[in-house]
Amino acid sequence: EALDCEAVLGAAGWGDDGCGGCAWWSEGSLMASRAGGGDLAVVDTKDRRVVLEHHFEGGGAVGAILPLTRSKAVVLRSSTGADAESSCGGWVLSCVARRTPEQMLHSHLARSRFAEARRVAEAFHLDQEVVSKREWLSLGAEADTAEAVRSMLREVKDDSWCTEQCVASVGGTEGAQRELVSEGLRRVDAMLVAGGSQMGEVEVRALLEQRVRLL
């Protein structure tokens, strides 16, 4: 029975832009390229989930995929930018190796590809808070918007870290500052309640000082 690659990729949440080409990576898994781009994915055809993603920094459309082993494949892609000098007739060979989910996650984070990092974390049950924290810190001056507080800080369960971010940030608008103060106070109160009588005097004083700084 013929396998519908587009359907497999679509079910895995990866084929929105269409499939540029695909080949069997191993029994039960396909390696596919995204149409018109330098992205690759290995998809489990049974569970319909992405088990590996790879992005070529130089871009360039993938022309052919040749799996060598269960952990390595050679990819022929059009040369662009830095690849031009090492290309042959406008094409360059690249080697793609299988990586662990943790390596995939940190590779996406290093490139600020947060949507992909979140998808990997969700698929492999990794800590999604790492993604939210890195995304918040990467926003720089834009991290003080009300929307950023609502969409990112509230997803993080680390009360201490979130409180520090609320204290250190200055809202660019009245609404953003109100969100930061509100979220910071909520986190401080949550830690005081959770700690109860077991908290030491130094810890309580530190939290109360953060509360004062927020006000």
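Helices here are DSSP runs (H or I, at least four residues) and strands are E runs of at least two, numbered from the N terminus. Keep in mind that this is a predicted model, so local features need pLDDT of at least 70 and side-chain atom pairs count only at pLDDT 80 or more, while totals for chains, interfaces and linings use all residues. Residues are numbered from 1 along each chain as its sequence is written, and side-chain values use heavy atoms, with hydrogens and water left out.

Now step back into α2 and pick Met104, Leu105, Ser107, His108 and Leu109, its buried residues. Buried means under 20% relative accessible area, with a 1.4 Å probe and protein chains only. These residues pack against β4, α3 and α4 (129-138).

Next, show the largest nonpolar core, which has 22 residues. Such a core is a set of buried Ala, Val, Leu, Ile, Met, Phe, Trp, Tyr and Cys residues joined through side-chain atoms within 4.5 Å. Met31, Leu40, Leu105 and Val131 touch the most other members. Helix α3 gives the most to this core, with four residues.

Which strand does the rest of the structure largely enclose? Select β2 (residues 29-34): six of its six residues are buried, so that strand is largely enclosed. Ser29, Met31 and Ser33 lie on one side, and Leu30, Ala32 and Arg34 on the other.

Look for serine 33 and its bridge partner in β3, leucine 40.

Technical notes: Buried means under 20% relative accessible area, exposed over 50%, partly exposed in between (1.4 Å probe, protein chains only). Two strands pair if DSSP finds at least two bridges between them. Contact means heavy atoms within 4.5 Å.
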